[in-house]
Amino acid sequence: LMFAVIFQQPPTFFTKQGMTMKRNIGSKFKIPPAALQSAITVSIILLMPLYDILFIPLTRILTQNEKGISVIQRMGIGMFLSVIAMVIAALTERKRLELSRQMVASDLLSETVPLSIFWLLPQYILLGISDIFTVVGMQEFFYSEVPLRFRTMGIALYTSVFGVGSFLSALLISLVERFTSSGGRENSWFNDDMRNSRLDNYYWLLAILDSVSFVGFVIFFRFHKSRI
(Lines give C-alpha, C1' and ligand atoms only; values in the text may rest on other atoms or scores of the structure.)
Protein backbone atom coordinates (compact mmCIF):
# COMPACT_ATOMS: atom_id res chain seq x y z
CA LEU A 1 0.00 0.00 0.00
CA MET A 2 2.86 2.45 0.72
CA PHE A 3 4.14 1.76 -2.79
CA ALA A 4 0.71 2.84 -4.06
CA VAL A 5 0.83 5.95 -1.85
CA ILE A 6 4.13 6.98 -3.41
CA PHE A 7 2.59 6.71 -6.88
CA GLN A 8 0.11 9.42 -5.87
CA GLN A 9 2.94 11.98 -5.69
CA PRO A 10 3.74 12.61 -9.41
CA PRO A 11 0.33 14.13 -10.30
CA THR A 12 0.19 16.11 -7.04
CA PHE A 13 3.23 17.33 -5.13
CA PHE A 14 5.80 16.59 -7.85
CA THR A 15 3.77 18.78 -10.21
CA LYS A 16 3.45 21.49 -7.56
CA GLN A 17 7.23 21.49 -7.17
CA GLY A 18 7.70 21.80 -10.91
CA MET A 19 5.51 24.92 -11.02
CA THR A 20 8.10 26.78 -8.92
CA MET A 21 11.14 25.69 -10.95
CA LYS A 22 12.78 27.01 -14.10
CA ARG A 23 10.81 25.56 -17.01
CA ASN A 24 12.07 27.57 -19.99
CA ILE A 25 13.27 25.97 -23.19
CA GLY A 26 14.49 28.85 -25.30
CA SER A 27 12.99 32.29 -24.89
CA LYS A 28 9.33 31.48 -25.49
CA PHE A 29 8.43 27.91 -24.58
CA LYS A 30 7.80 26.72 -21.01
CA ILE A 31 7.45 23.06 -20.10
CA PRO A 32 4.08 22.33 -18.44
CA PRO A 33 4.96 20.84 -15.01
CA ALA A 34 2.49 17.96 -15.45
CA ALA A 35 4.24 16.95 -18.69
CA LEU A 36 7.04 15.34 -16.68
CA GLN A 37 4.62 12.60 -15.68
CA SER A 38 5.14 11.24 -19.18
CA ALA A 39 8.72 10.40 -18.12
CA ILE A 40 7.28 7.50 -16.10
CA THR A 41 5.48 6.08 -19.14
CA VAL A 42 8.42 6.69 -21.49
CA SER A 43 10.87 5.00 -19.11
CA ILE A 44 8.54 1.97 -18.90
CA ILE A 45 8.22 1.76 -22.71
CA LEU A 46 11.98 2.08 -23.27
CA LEU A 47 13.20 -0.11 -20.41
CA MET A 48 10.61 -2.90 -20.36
CA PRO A 49 12.20 -4.67 -23.39
CA LEU A 50 15.59 -4.50 -21.64
CA TYR A 51 14.11 -6.42 -18.72
CA ASP A 52 13.59 -9.50 -20.90
CA ILE A 53 16.58 -8.97 -23.20
CA LEU A 54 19.29 -8.14 -20.62
CA PHE A 55 18.11 -8.37 -17.02
CA ILE A 56 16.56 -11.85 -17.08
CA PRO A 57 19.50 -13.56 -18.93
CA LEU A 58 22.00 -11.96 -16.52
CA THR A 59 20.07 -12.97 -13.42
CA ARG A 60 19.68 -16.51 -14.77
CA ILE A 61 23.47 -16.82 -14.70
CA LEU A 62 23.64 -15.53 -11.13
CA THR A 63 20.64 -17.35 -9.64
CA GLN A 64 20.61 -20.53 -11.76
CA ASN A 65 16.85 -19.97 -11.96
CA GLU A 66 15.03 -20.33 -15.28
CA LYS A 67 12.94 -17.25 -14.51
CA GLY A 68 15.98 -15.26 -13.40
CA ILE A 69 14.24 -13.94 -10.30
CA SER A 70 10.98 -14.91 -8.67
CA VAL A 71 7.87 -12.77 -8.83
CA ILE A 72 8.30 -11.95 -5.13
CA GLN A 73 11.90 -10.81 -5.69
CA ARG A 74 10.71 -8.72 -8.64
CA MET A 75 8.16 -6.93 -6.45
CA GLY A 76 10.77 -6.42 -3.72
CA ILE A 77 13.24 -4.79 -6.11
CA GLY A 78 10.55 -2.36 -7.29
CA MET A 79 9.60 -1.47 -3.71
CA PHE A 80 13.25 -0.81 -2.86
CA LEU A 81 13.61 1.45 -5.91
CA SER A 82 10.53 3.42 -4.80
CA VAL A 83 12.30 4.13 -1.49
CA ILE A 84 15.33 5.44 -3.40
CA ALA A 85 13.03 7.60 -5.55
CA MET A 86 11.58 9.28 -2.44
CA VAL A 87 15.05 9.87 -0.98
CA ILE A 88 16.09 11.58 -4.22
CA ALA A 89 12.82 13.57 -4.21
CA ALA A 90 13.54 14.75 -0.65
CA LEU A 91 17.09 15.83 -1.51
CA THR A 92 15.92 17.67 -4.63
CA GLU A 93 13.20 19.47 -2.67
CA ARG A 94 15.74 20.43 0.01
CA LYS A 95 17.89 22.02 -2.73
CA ARG A 96 14.86 23.87 -4.12
CA LEU A 97 13.98 25.21 -0.68
CA GLU A 98 17.54 26.39 -0.04
CA LEU A 99 17.55 28.38 -3.28
CA SER A 100 14.09 29.75 -2.51
CA ARG A 101 15.22 30.99 0.91
CA GLN A 102 18.32 32.58 -0.59
CA MET A 103 16.06 34.52 -2.93
CA VAL A 104 13.89 35.67 -0.02
CA ALA A 105 17.00 36.80 1.87
CA SER A 106 18.04 38.77 -1.21
CA ASP A 107 14.58 40.41 -1.43
CA LEU A 108 13.78 38.62 -4.67
CA LEU A 109 10.02 38.09 -4.68
CA SER A 110 9.81 35.67 -7.61
CA GLU A 111 8.37 32.25 -6.73
CA THR A 112 10.41 30.61 -9.50
CA VAL A 113 13.77 29.34 -8.27
CA PRO A 114 16.83 29.16 -10.57
CA LEU A 115 16.71 25.37 -10.64
CA SER A 116 15.77 23.47 -13.78
CA ILE A 117 12.63 21.34 -13.67
CA PHE A 118 14.74 18.55 -15.16
CA TRP A 119 16.15 18.00 -11.65
CA LEU A 120 12.86 16.19 -11.02
CA LEU A 121 13.46 13.68 -13.82
CA PRO A 122 15.45 11.12 -11.74
CA GLN A 123 12.58 10.59 -9.30
CA TYR A 124 10.10 10.20 -12.17
CA ILE A 125 12.35 7.74 -14.02
CA LEU A 126 13.02 5.69 -10.88
CA LEU A 127 9.28 5.39 -10.29
CA GLY A 128 8.93 4.20 -13.88
CA ILE A 129 11.59 1.53 -13.32
CA SER A 130 10.00 0.48 -10.02
CA ASP A 131 6.70 0.16 -11.92
CA ILE A 132 8.34 -2.35 -14.29
CA PHE A 133 9.27 -4.53 -11.33
CA THR A 134 6.52 -4.13 -8.75
CA VAL A 135 3.36 -3.39 -10.74
CA VAL A 136 3.95 -6.10 -13.35
CA GLY A 137 5.05 -8.41 -10.54
CA MET A 138 1.84 -7.72 -8.61
CA GLN A 139 -0.27 -8.57 -11.65
CA GLU A 140 1.47 -11.93 -12.02
CA PHE A 141 1.47 -12.59 -8.27
CA PHE A 142 -2.24 -12.00 -7.67
CA TYR A 143 -3.19 -13.84 -10.86
CA SER A 144 -1.06 -16.88 -10.01
CA GLU A 145 -1.60 -17.17 -6.25
CA VAL A 146 -5.40 -17.37 -6.19
CA PRO A 147 -7.25 -20.62 -7.03
CA LEU A 148 -7.95 -21.14 -10.73
CA ARG A 149 -11.65 -20.30 -10.54
CA PHE A 150 -10.86 -16.98 -8.78
CA ARG A 151 -8.34 -15.66 -11.31
CA THR A 152 -10.54 -12.65 -12.10
CA MET A 153 -10.61 -11.86 -8.38
CA GLY A 154 -6.81 -11.88 -8.43
CA ILE A 155 -6.75 -9.03 -10.97
CA ALA A 156 -9.30 -7.14 -8.85
CA LEU A 157 -7.04 -7.51 -5.80
CA TYR A 158 -4.12 -6.03 -7.76
CA THR A 159 -6.23 -3.05 -8.82
CA SER A 160 -7.56 -2.55 -5.30
CA VAL A 161 -4.02 -1.91 -4.03
CA PHE A 162 -3.90 1.39 -5.89
CA GLY A 163 -7.49 2.26 -5.00
CA VAL A 164 -6.87 1.79 -1.27
CA GLY A 165 -3.48 3.47 -1.67
CA SER A 166 -5.19 6.62 -2.94
CA PHE A 167 -7.42 6.78 0.13
CA LEU A 168 -4.44 6.05 2.39
CA SER A 169 -2.51 8.89 0.75
CA ALA A 170 -5.37 11.31 1.44
CA LEU A 171 -5.56 10.13 5.06
CA LEU A 172 -1.82 10.53 5.53
CA ILE A 173 -1.88 14.06 4.11
CA SER A 174 -4.77 14.97 6.44
CA LEU A 175 -2.89 13.64 9.48
CA VAL A 176 0.35 15.41 8.56
CA GLU A 177 -1.54 18.63 7.90
CA ARG A 178 -3.30 18.41 11.26
CA PHE A 179 -0.14 17.79 13.30
CA THR A 180 2.20 20.18 11.47
CA SER A 181 -0.27 23.09 11.39
CA SER A 182 -1.14 22.83 15.10
CA GLY A 183 1.20 25.77 15.81
CA GLY A 184 -0.24 27.85 12.97
CA ARG A 185 -1.01 27.44 9.26
CA GLU A 186 2.39 28.88 8.37
CA ASN A 187 4.06 25.85 9.98
CA SER A 188 2.26 23.33 7.79
CA TRP A 189 4.40 21.11 5.61
CA PHE A 190 1.86 21.77 2.85
CA ASN A 191 1.92 25.55 3.04
CA ASP A 192 0.33 27.17 -0.02
CA ASP A 193 3.45 29.30 -0.34
CA MET A 194 6.02 26.83 -1.66
CA ARG A 195 8.79 28.95 -0.19
CA ASN A 196 7.58 27.97 3.28
CA SER A 197 6.40 24.42 2.62
CA ARG A 198 8.32 21.38 3.85
CA LEU A 199 7.63 18.79 1.20
CA ASP A 200 11.14 17.48 1.82
CA ASN A 201 10.05 16.34 5.28
CA TYR A 202 6.97 14.70 3.81
CA TYR A 203 9.11 12.84 1.27
CA TRP A 204 11.42 11.65 4.04
CA LEU A 205 8.34 10.43 5.93
CA LEU A 206 7.17 8.52 2.86
CA ALA A 207 10.65 7.03 2.41
CA ILE A 208 10.64 5.82 6.03
CA LEU A 209 7.12 4.38 5.84
CA ASP A 210 7.93 2.69 2.53
CA SER A 211 11.10 1.24 4.08
CA VAL A 212 9.06 -0.20 6.95
CA SER A 213 6.61 -1.62 4.41
CA PHE A 214 9.51 -3.14 2.47
CA VAL A 215 10.94 -4.79 5.59
CA GLY A 216 7.50 -6.18 6.44
CA PHE A 217 7.21 -7.47 2.87
CA VAL A 218 10.55 -9.29 3.15
CA ILE A 219 9.68 -10.83 6.53
CA PHE A 220 6.25 -11.96 5.38
CA PHE A 221 7.49 -13.67 2.24
CA ARG A 222 10.21 -15.56 4.09
CA PHE A 223 7.33 -17.61 5.53
CA HIS A 224 5.13 -17.58 2.44
CA LYS A 225 4.69 -20.82 0.51
CA SER A 226 4.35 -19.66 -3.07
CA ARG A 227 2.34 -21.46 -5.74
CA ILE A 228 4.48 -19.80 -8.45
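Is Gln 9 buried or exposed?

**Before you click**

You are looking at a predicted model, where local features need pLDDT of at least 70, side-chain atom pairs count only at pLDDT 80 or more, and totals for chains, interfaces and linings use all residues. Residues are numbered from 1 along each chain as its sequence is written, and side-chain values use heavy atoms, with hydrogens and water left out.

**The whole chain**

Start with a cartoon view. The protein chain has 7 helices and 4 strands; these are DSSP runs, H or I of at least four residues for helices and E of at least two for strands, numbered from the N terminus. The C-alpha trace spans about 65 × 45 × 30 Å along its principal axes.

Of the 228 residues, 42% count as buried, meaning under 20% relative accessible area, while exposed is over 50% and partly exposed lies in between (1.4 Å probe, protein chains only).

Colour by charge next. There are 21 positive and 15 negative side chains, and the centres of the two sets lie 4 Å apart. Here Lys and Arg count as positive and Asp and Glu as negative, with His and the chain ends not counted; each charge is placed at NZ of Lys, CZ of Arg, CG of Asp or CD of Glu.

If you draw contacts (heavy atoms within 4.5 Å), consider the pairs at least 6 apart in sequence: 76% of them join residues at least 24 apart.

**Stop 1**

Select Gln 9, in the loop between α1 (2-6) and α2 (10-19). Gln 9 counts as buried because its relative accessibility is 1%. Leaving aside neighbours within four places in sequence, Gln 9 is in contact with Phe 14, Met 86, Ser 169, Tyr 202, Tyr 203 and Leu 206.

Step to Gln 8, also found in the loop between α1 and α2. At 19% relative accessibility, Gln 8 counts as buried. With residues up to four places away set aside, Gln 8 touches Phe 162, Gly 165, Ser 166 and Ser 169.

**Stop 2: Leu 36**

Move to Leu 36, in the loop between β3 (29-30) and α3 (38-63). Leu 36 counts as buried, at 5% relative accessibility. Show the side chains of Ile 31, Ile 117, Leu 120, Leu 121 and Tyr 124, which Leu 36 touches when residues up to four places away are not counted. The C-alpha atoms of Leu 36 and Pro 10 are 8.4 Å apart, across 26 residues of sequence.

**Stop 3: Leu 157**

How far apart in space are Leu 157 and Leu 36, C-alpha to C-alpha? The distance is 29 Å, for a separation of 121 residues in sequence. Leu 157 is in helix α6 and is partly exposed, at 35% relative accessibility. Beyond four places in sequence, Leu 157 touches Phe 142 and Val 146.

**Stop 4: Arg 198**

Select Arg 198, in the loop between α6 (151-180) and α7. With a relative accessible area of 23%, Arg 198 is partly exposed. Not counting residues up to four places away, Arg 198 touches Arg 94, Leu 97, Arg 101, Ser 188 and Trp 189. Glu 93 is 105 residues from Arg 198 in sequence and 8.4 Å away in space, C-alpha to C-alpha.

**Last stop: the largest pocket**

Select Leu 1, Phe 3, Met 75, Met 79, Thr 134, Met 138, Phe 141, Phe 142, Val 161, Ser 213, Phe 217 and Phe 221, the lining of the largest pocket. The elements giving two or more residues to this lining are α4 (71-105), α5 (121-145) and α7 (199-222). The largest share, 4 residues, comes from α5.

A pocket is defined on a 1 Å grid over the protein atoms alone, as an open set of points where a 1.4 Å probe fits, with protein on both sides within 12 Å along at least five of seven lines; lining residues have an atom within 4 Å of a point. This pocket holds about 260 Å³ of space, the volume being what is filled by probe spheres set on the points, which are joined across faces, edges and corners.
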